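Biologist: I would like to go through the terms used for this model and see what each one rests on.

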Amino acid sequence: MRFSVSILALAMAGLPLCAQPPAMFNVAARHTISLNGKWKTIVDPYENGYYDFRMQPSKNGYFRDAKPASPSELIEYDFDTAGQLDVPGDWNSQRENLFFYEGTIWYRKVFDYAAKAGTRAHLYFGAANYEAIVYLNGEKLGSHVGGFTPFSFEVTGKLKEKGNSVVVKVDNRRKLDAVPTVNTDWWNYGGLTRDVALVEVPATYVSDYLVQLKKGTQDTIAGWVQLDGGQLNQAVTIRIPEANVSATVRTNAQGRAEFSIAAKPVLWTPESPKLYDVTVAAESDSVKDQIGFRTIEVKGTDILLNGKSVFLRGVSIHEEAPYRGGRAFSPADARTLLTWAKEMGCNFVRLAHYPHNENMIREADRLGLMVWSETPVYWTIQWENAETFANASRQLAENMARDKNRAAIVLWSVANETPVGPARNEFLGKLARQVKATDPTRLVTAAMLHHGDSTPSNGQVDVIDDPLGVELDVLGCNEYIGWYDGLPDKADGMTWKSSYEKPLIMSEFGGGALYGMHGDKMARFTEEYQENLFQHQLGMLNKIPFLRGTTPWVLMDFRSPRRALTNIQDYFNRKGLVDLRGNKKKAFFVMQDFYRGKAGM
Ligand code: GCU
């Protein structure tokens with residue numbers, strides 16, 4: 001009964017209904033056998049490895065990883081002689097003939113495994129873009145939809161000592177009913193784009209936990225612990241030695257226990273990103289984490305970090321790999337990108353437009369950068385499609401589940417630049433309420449649009465009155481005055497109005513420049529044009545009394561199929577303040593100077 005009630009409760013709160021098991025949590029703290037490296041791959045544009053000639057799922061698809069039993073047997077694929085791709089990594093940037101490829105590629109890895117008594121094994125994927133079907137030794141384990149969140153399947157008892165074959169069908173085709181939909185301004189990098197590993201845990205293990213400051217307090221650490229396995233009723237101790245915290249609770253018959261512990265931790269801030277060693281120790285399992293404690297709230301049009309007003313000095317970032325291009329995935333990629341943001345004077349980053357890899361969030365925790373994390377509900381989603389909503393809701397839930405203990409994350413964003421309308425307002429309202437129901441300790445936002453309201457009497461006015469604002473704690477707004485909207489000096493006379501007594505983050509503004517291209521400041525794509533645009537922009541932004549953050553578009557140039565201008569764009573969006581090699585454009589220093597003036601505000 002409880003389960004059916006919980007389904008109803010989920011539906012009422014717009015929470016994800018699908019029973020997809022949650023992905024393995026805090027994998028970095030577990031004993032893992034990495035499956036990263038070279039995987040054999042078969043490019044399959046007609047999905048011939050999945051369907052028969054009548055487009056019915058075949059029993060003898062490539063997932064069988066079969067070999068002819070005799071010279072006369074006909075099998076028209078062979079992973080052993082097939083090409084290979086690096087995992088993690090997108091396929092587009094690994095092979096010239098896959099640069100524009102959108103379709104299915106089959107991946108196969110063979111590995112040995114020595115099962116250990118009392119140990120369970122899970123096959124974990126950091127992400128696969130966009131739809132993955134996973135097979136082990138010819139048996140379908142399951143599937144996952146969504147290109148930017150983790151998933152895993154328990155394989156205990158399914159592994160052989162020698163020669164296990166894991167086969168993954170990855171299909172990155174864009175679809176109208178998908179999340180995102182068919183039109184985006186970023187490259188549709190397909191593949192096993194993040195880490196793959198076997199994760200070993202005890203028979204009953206700590207499968208999930210929340211350890212954060214209780215909402216509205218700085219002296220109570222609260223949360224819950226969840227066990228998974230046969231011995232669900234155990235004593236569990238939460239230890240934070242440096243904060244003099246050690247509390248023991250007993251999990252119930254469902255393996256869950258809540259706790260609330262008096263504590264006075266040193267608070268996490270960008271200037272001093274204090275992380276504590278936290279141990280969650282059950283009788284049968286123990287897991288470690290590094291967790292920071294801070295509060296984030298809004299008060300009128302202000303944003304308060306640990307009770308103090310803070311201006312979010314940010315920059316937007318796509319998950320584009322510095323230097324090499326392609327999907328970023330590694331700790332080194334994260335350190336490079338976030339260090340460039342720190343050099344600009346940032347205390348905040350908007351990780352657009354989808355959940356970035358976990359390394360990026362962990363690095364932001366360590367470096368002291370607050371994070372706006374976003375679900376890829378981007379542009380013209382199918383608002384009236386229930387499956388599309390369930391997909392968006394699940395991706396949001398998976399993102400929030402993975403990163404719920406990360407101090408860096410202060411904002412969950414439910415959308416980017418979506419058109420106002422009844423179906424969209426309802427769709428996004430449910431997502432916003434899902435955020436609040438799931439995680440009341442963080443703020444909910446979205447990057448919205450504005451519209452002009454200029455008249456001879458009141459001059460040039462732009463207005464933020466999107467009805468979605470009612471559901472948000474913080475308003476995000478994208479504007480391109482000086483690039484898509486007039487020339488740079490149009491910003492000079494612009495004033496801004498909002499329908500809400502809420503803080504605003506100007507979540508996108510900027511213009512393109514090819515690094516090293518110099519000329520007149522009115523010549524598009526010169527560094528001087530971009531520099532001039534930012535100078536006019538910042539003059540305007542400084543006059544907005546309810547502005548509490550900025551994330552100019554964008555830290556680094558990134559690939560997009562929409563940017564075809566030969567010798568200038570070459571399928572790169574050039575609005576980066578640095579180029580792919582980290583060369584800082586003149587506008588970078590305009591932002592750096594602006595943030596010097598905002599530091600401490
Ligand atoms: C939009 C959108 C971005 C896009 C940018 C641009 O605001 O949110 O994803 O890249 O504009 O046009 O460069």
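Modeller: Two strands pair if DSSP finds at least two bridges between them. Six bridges join strand β13 (residues 235–240) to β14, and the two run antiparallel. Helices (H or I, at least four residues) and strands (E, at least two) are DSSP runs, numbered from the N terminus. This is a predicted model, in which local features need pLDDT of at least 70 and side-chain atom pairs count only at pLDDT 80 or more, while totals for chains, interfaces and linings use all residues. Residues are numbered from 1 along each chain as its sequence is written, and side-chain values use heavy atoms, with hydrogens and water left out.

Biologist: Why is strand β11 called largely enclosed?

Modeller: Buried means under 20% relative accessible area, exposed over 50%, and partly exposed in between (1.4 Å probe, protein chains only). Eight of the nine residues of β11 (residues 205–213) are buried, so the rest of the structure largely encloses this strand. β11 pairs with strand β12 (residues 220–228) in the antiparallel sense over eight bridges, and Tyr205 has Asp228 as its bridge partner in β12. Six residues lie between the strands of this hairpin, where Gly216 takes a positive phi near 85 degrees.

Biologist: What makes α4 parallel or perpendicular to α5?

Modeller: Axes are lines fitted to C-alpha atoms, for helices over the stretch in contact, and angles run from 0 to 180 degrees between N-to-C directions. Angles under 35 degrees count as roughly parallel, over 145 as roughly antiparallel, 65 to 115 as roughly perpendicular and the rest as oblique. The axes of α4 (residues 386–403) and α5 (residues 422–438) come within 11 Å and cross at roughly 25 degrees. The value therefore makes α4 roughly parallel to α5.

Biologist: Which residues make the contact of α4 with α5, and how do they divide?

Modeller: Contact means heavy atoms within 4.5 Å. Thr388, Phe389, Ala392, Ser393, Leu396, Ala397 and Met400 in α4 meet Phe427, Lys430, Leu431, Gln434, Val435 and Thr438 in α5. They divide into eight nonpolar, four polar and one charged. Ala, Val, Leu, Ile, Met, Phe, Trp, Tyr, Cys and Pro count as nonpolar, Asp, Glu, Lys and Arg as charged, and the others, Gly among them, as polar.

Biologist: Why is α2 called oblique to α7?

Modeller: The axes of α2 (residues 331–344) and α7 (residues 586–598) come within 8 Å and cross at roughly 60 degrees, and that angle makes the pair oblique. Trp340, Glu343 and Met344 of α2 make the contact with Phe588, Met591, Gln592 and Tyr595 of α7. By class, that contact has five nonpolar, one polar and one charged residues.

Biologist: How do you know that β21 and β22 stand at the edges?

Modeller: The open sheet of nine strands has the order β21-β32-β31-β29-β26-β25-β24-β23-β22, with parallel pairing. β21 (312–313) and β22 (316–317) each have a single partner strand, so one side of each is left without a neighbour in the sheet.
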